[in-house]
Amino acid sequence: MNPLGVLRAKRRSKCTRRSEMAPNPVKYRKPSIAMTRSDHDALVRLAGSISGKNPTVADELFAELDRARVVEEPELRWDVVRMGSTLRFTTDAGEARTVTLVFPGQADIAEGKISVLTPIGVALIGLSAGQSIDWAARDGRIHRLTVESVENKGGVSTPHAADSELRTS
């Protein structure tokens, strides 16, 4: 079994035990997501490296990686949140925030840089402008956020402006 298969098997085993202990009251369909192969590979390594120290976040990240449509860099639309994207989102509480999604070593809340290893960072990866997702905060409360716009190197996308745009090299 390859290393990713071993990590996924461990994650599934933990998820099974956890679900036997406490049923998940939240039942909703998550939006489809996409990511580049390079982001996917880097995030698999990152999730594997933290699985012993922070299994909950690792499990959540592995779950997103498992359901993501993985594409080569030129095939990913401009409006998709990827590592390094700056995006604006609104919450169910009416708050609007602009943040940049980064790897843990680059995170700085004061500068609006949030780690992909936070619950909200895991929720954001792979979403497109216009998509909404429910996510659980560290205190267990469920929140909903909607991506309003995404800025990646080379352009800005909103739900209306980037429906058919593809990233080109």
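## Close-up views of a predicted chain

**Figure 1. The whole chain, seen through its contacts.** Of the contacts in the chain with a separation of 6 or more, 59% are between residues 24 or more positions apart; a contact here means heavy atoms within 4.5 Å. This is a predicted model, where local features need pLDDT of at least 70, side-chain atom pairs count only at pLDDT 80 or more, and totals for chains, interfaces and linings use all residues. Residues are numbered from 1 along each chain as its sequence is written, and side-chain values use heavy atoms, with hydrogens and water left out. The chain has four helices and eight strands, taken as DSSP runs numbered from the N terminus (helices: H or I, at least four residues; strands: E, at least two). Read from the N terminus, the order is α-β-α-α-β-β-β-β-α-β-β-β. Of the 169 residues, 43% are buried, and buried means under 20% relative accessible area, with exposed over 50% and partly exposed in between (1.4 Å probe, protein chains only).

**Figure 2. The largest nonpolar core.** This core has 35 residues, and Leu-43, Leu-87, Val-116, Leu-124, Leu-145 and Val-147 are the ones with the most contacts inside it. Helix 2, helix 3 (55-67), strand 3 (86-91), strand 4 (96-102), helix 4, strand 6 and strand 7 (142-152) each give two or more residues to it. For the term itself: a nonpolar core is a set of buried Ala, Val, Leu, Ile, Met, Phe, Trp, Tyr and Cys residues joined through side-chain atoms within 4.5 Å. In soluble globular proteins, nonpolar side chains tend to be buried together.

**Figure 3. Leu-87 and Val-99 with their partners.** Setting aside residues up to four places away in sequence, Leu-87 touches Val-81, Arg-97, Thr-98, Val-99, Leu-124, Val-147, Ser-149 and Val-150. Val-99 sits in strand 4 and counts as buried, at 1% relative accessibility. Val-99 and Val-150 are 51 residues apart in sequence, yet 9.8 Å apart C-alpha to C-alpha.

Figure 4. Asn-152 is in strand 7 and is buried, with a relative accessible area of 6%. Its side chain reaches the backbone oxygen of Trp-78 at 2.8 Å. The side chains of Asn-152 and Arg-82 are joined by a polar contact of 3.4 Å, a polar contact being a pair of N or O atoms within 3.5 Å; within protein, one must be able to donate a hydrogen and the other to accept it, and residues adjacent in sequence count only if both atoms are side-chain atoms.

**Figure 5. The second largest pocket.** Its volume is about 180 Å³, where volume is the space filled by probe spheres set on grid points joined across faces, edges and corners. Among its 11 lining residues, Arg-82, Met-83, Gly-84, Asn-152 and Lys-153 are the closest to its centre. Helix 2 and strand 7 each give two or more residues to the lining. A pocket, on a 1 Å grid over the protein atoms alone, is an open set of points where a 1.4 Å probe fits, with protein on both sides within 12 Å along at least five of seven lines; lining residues have an atom within 4 Å of a point.

Figure 6. Ala-42 is found in helix 2 (residues 37-50) and is buried, with a relative accessible area of 18%.
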